[in-house]
Amino acid sequence: NADCLLEELRKINVKTYPMRLWNWRKGKFWLKIPGTMFRVYRLIREENIDLVHSNEFWCNPYGVIAGKLFNRIPLVTHIRLDITPKKIKHYYLSKSDRILCVSRATSELFRESGFMEKVETIYNGLDLTKFDDYEARRVSFRNEFGYTDEHLVIGEIAQLDERKNQLKVLELVPDLVRQYP
């Protein structure tokens with residue numbers, strides 16, 4: 001959670017400035033946005049910040065306006081969540097200098113944007129040493145559920161979303177069953 005992150009950053013002497021960024025597209029917050037925008041602008045100026053990183057599309061307008069427009073510094077936007085053409089437009093993603101997506105599928109959502117040259121895929125890092133005991137865990141799991149080595153076991157953990165293509169997996173099941181009865 002955010003409090004734990006702040007605590008860890010402060011332990012290693014990283015300056016932190018927690019600030020509530022109001023939802024850009026919600027009318028009930030419109031009166032709060034200008035003051036927050038000014039605080040972001042002032043923080044960028046006072047701390048002589050050289051680069052703004054927007055962690056997701058929803059806070060991108062703050063980076064565009066306070067960072068790029070008023071302070072003339074580069075803006076990098078990190079996209080992990082589902083993005084639509086409407087969100088690309090309404091959250092000013094075309095104004096980002098670089099857009100970093102965590103998967104090729106997410107990057108492809110920008111294909112029709114007209115600024116694909118700004119989009120890069122950088123996969124989230126994963127420490128594979130945590131899976132060194134994979135074989136023991138595999139055997140334990142199979143034993144727990146009564147599977148043998150002859151059984152084909154497929155698992156998926158993902159958000160239920162059309163772009164995740166879970167339906168494609170279900171369409172392949174009959175072929176898999178024929179191939180691995």
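**Close-up 1. Tyr123 in its loop, in a predicted model.** Look between strand 4 (119-121) and helix 6 (134-145) and you'll find Tyr123 sitting in the loop that links them. Is Tyr123 buried or exposed? Its relative accessibility comes out at 52%, so it counts as exposed, given that the cut-off is over 50%.

**Close-up 2. Tyr123 and the residues it touches.** Set aside the neighbours within four places in sequence, and Tyr123 is in contact with Val102, Ser103 and Arg104. Cys101 is worth a look here too: 22 residues separate Tyr123 and Cys101 in sequence, while their C-alpha atoms are 7.5 Å apart in space.

Close-up 3. Take Cys59: the nearest cysteine sulfur belongs to Cys101 and is 14 Å away, and a disulfide needs the sulfur atoms within 2.5 Å, so Cys59 is in none. Cys59 itself is buried, at 9% relative accessible area. Cys4, on the other hand, is partly exposed, with a relative accessible area of 46%.

**Close-up 4. Gln166 in helix 7.** Gln166 belongs to helix 7, which covers residues 166-179. With a relative accessible area of 14%, Gln166 falls under the 20% cut-off and therefore counts as buried. Which residues does Gln166 contact, leaving aside its neighbours within four places in sequence? They are Glu156, Ala158, Gln159, Leu160 and Asp161.

Notes: Residues are numbered from 1 along each chain as its sequence is written. This is a predicted model: local features need pLDDT of at least 70, side-chain atom pairs count only at pLDDT 80 or more; totals for chains, interfaces and linings use all residues. Side-chain values use heavy atoms; hydrogens and water are left out. Helices (H or I, at least four residues) and strands (E, at least two) are DSSP runs, numbered from the N terminus. Buried means under 20% relative accessible area, exposed over 50%, partly exposed in between (1.4 Å probe, protein chains only). Contact means heavy atoms within 4.5 Å.
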